[in-house]
Number of protein chains: 2
Amino acid sequence: MKYSKQREIILKTLKAADTHLTAEDLYHKVREIIPRISLGTVYRNLNLLVEVGEIRTLQSSDSPSILYDGRGDEHCHLICTSCGKITDIDLALFTPFDLLVYDKRGFLVDDHDLVLKGTCAECLEK
Amino acid sequence: MKYSKQREIILKTLKAADTHLTAEDLYHKVREIIPRISLGTVYRNLNLLVEVGEIRTLQSSDSPSILYDGRGDEHCHLICTSCGKITDIDLALFTPFDLLVYDKRGFLVDDHDLVLKGTCAECLEK
DNA sequence: TTAATAATAGGAATGGTTACTAATTAGGGG
DNA sequence: CCCCTAATTAGTAACCATTCCTATTATTAA
């Protein structure tokens with residue numbers, strides 16, 4: 001994989017964001033730094049970065065577009081169905097589940113995609 | 001919600017299927033019973049059925065289209081990254097995890113969307 | 001420096017899903 | 001049983017996220 005300024009900025013911008021962004025979101029942010037970048041370049045690089053494990057994707061179910069997550073490591077997402085906010089939470093607790101799944105089905109787990117929907121602390125107070 | 005033959009057949013066909021189907025898959029299956037049904041009708045009814053909790057959706061990450069699942073109850077999906085097969089597995093074990101999330105973040109969980117990726121028993125044998 | 005090739009911008013094409021409209025159908029009240 | 005009203009439908013056009021295509025530009029190894 002050859003170096004490209006576009007890819008570097010895309011990755012840096014995504015990692016710097018505190019939220020999960022669509023390709024379009026990122027496109028607009030990166031355009032402030034590289035005004036002539038194309039949307040296709042953003043998509044192509046996001047796909048590449050997912051492939052090499054630098055970033056991850058998730059689907060927010062109430063938006064049709066893919067969300068990109070600057071974290072490459074496995075973690076879980078909490079989606080508040082009231083305000084729509086998506087937050088990360090670590091999961092260092094899955095080993096027992098994986099073992100159980102293997103015992104029951106002979107299925108060897110190597111990746112988790114866990115989304116919990118509910119109400120966040122702030123919305124609960126109201 | 002008024003009765004419609006189209007909706008009844010769509011639901012019955014999905015529940016009878018042993019796999020997870022796209023709207024297009026269902027459209028072709030249902031057309032064998034109602035030849036003049038339109039794809040739009042399939043989509044509209046699937047959305048309705050999801051809304052009332054009769055069925056669920058999931059995204060298979062390597063296909064862009066939504067998959068529909070005839071089960072309305074919460075359950076977990078195992079996706080084999082080798083053969084692509086998606087199987088269901090019950091999860092009656094999430095209560096401790098939900099409590100932990102509430103303790104840590106004050107987030108009140110009421111729905112789970114859990115996808116485990118890995119290798120299924122059949123593929124492991126090879 | 002040069003040659004090979006990966007990456008880019010721009011725009012066209014694709015494909016899944018939704019929106020629109022006129023015609024049809026369900027089903028409750030007279 | 002027959003209106004009446006509102007939900008539903010078929011068919012088609014529109015939409016939008018994503019991918020594909022091509023000529024040009026940038027990277028990197030020799």
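Q: Why is A:Asp113 called partly exposed?
A: In this predicted model, A:Asp113 has a relative accessibility of 24%. Buried means under 20% relative accessible area, exposed over 50%, and partly exposed in between (1.4 Å probe, protein chains only). The value of 24% therefore makes A:Asp113 partly exposed. Local features need pLDDT of at least 70 and side-chain atom pairs count only at pLDDT 80 or more, while totals for chains, interfaces and linings use all residues. Side-chain values use heavy atoms, without hydrogens and water, residues are numbered from 1 along each chain as its sequence is written, and chains are lettered from A and ligands numbered from 1 in the order in which they are written.

Q: Why does B:Lys117 count as buried?
A: The relative accessibility of B:Lys117 is 17%, and the limit for buried is under 20%, so B:Lys117 falls on the buried side.

Q: What makes B:Lys117 and A:Asp113 a salt bridge?
A: The closest N and O atoms of B:Lys117 and A:Asp113 are 3.3 Å apart. A salt bridge is a side-chain nitrogen of Lys or Arg within 4 Å of a carboxyl oxygen of Asp or Glu, so the pair qualifies. Across the interface of chain B and chain A the rule finds two salt bridges.

Q: What makes B:Lys85 and B:Glu122 a salt bridge?
A: The N to O distance between the side chains of B:Lys85 and B:Glu122 is 3.6 Å, and the limit is 4 Å, so this pair also qualifies. B:Lys85 lies in the loop between β3 (76–80) and β4 (86–89) of chain B, and B:Glu122 in helix α5 (residues 121–125) of chain B, so the pair ties together parts that are 37 residues apart in sequence. Helices (H or I, at least four residues) and strands (E, at least two) are DSSP runs, numbered from the N terminus.

Q: Why is B:Lys85 called partly exposed?
A: Its relative accessible area is 41%, which lies between the limits of 20% and 50%, so B:Lys85 is partly exposed.

Q: How do you know that the copies meet through the same surface?
A: Of the interface residues of chain B, 100% are also interface residues in chain A, so the surface is the same in both. In numbers, 31 residues of chain B are in contact (heavy atoms within 4.5 Å) with 31 residues of chain A.

Q: What makes the two copies related as by a two-fold rotation axis?
A: Chain B can be laid on chain A by a turn of 180° and a shift of 0.0 Å along the axis, with an RMSD of 0.1 Å. The copies are thus related as by a two-fold rotation axis. The superposition is by least squares on the C-alpha atoms of residues with pLDDT of at least 70 in both.
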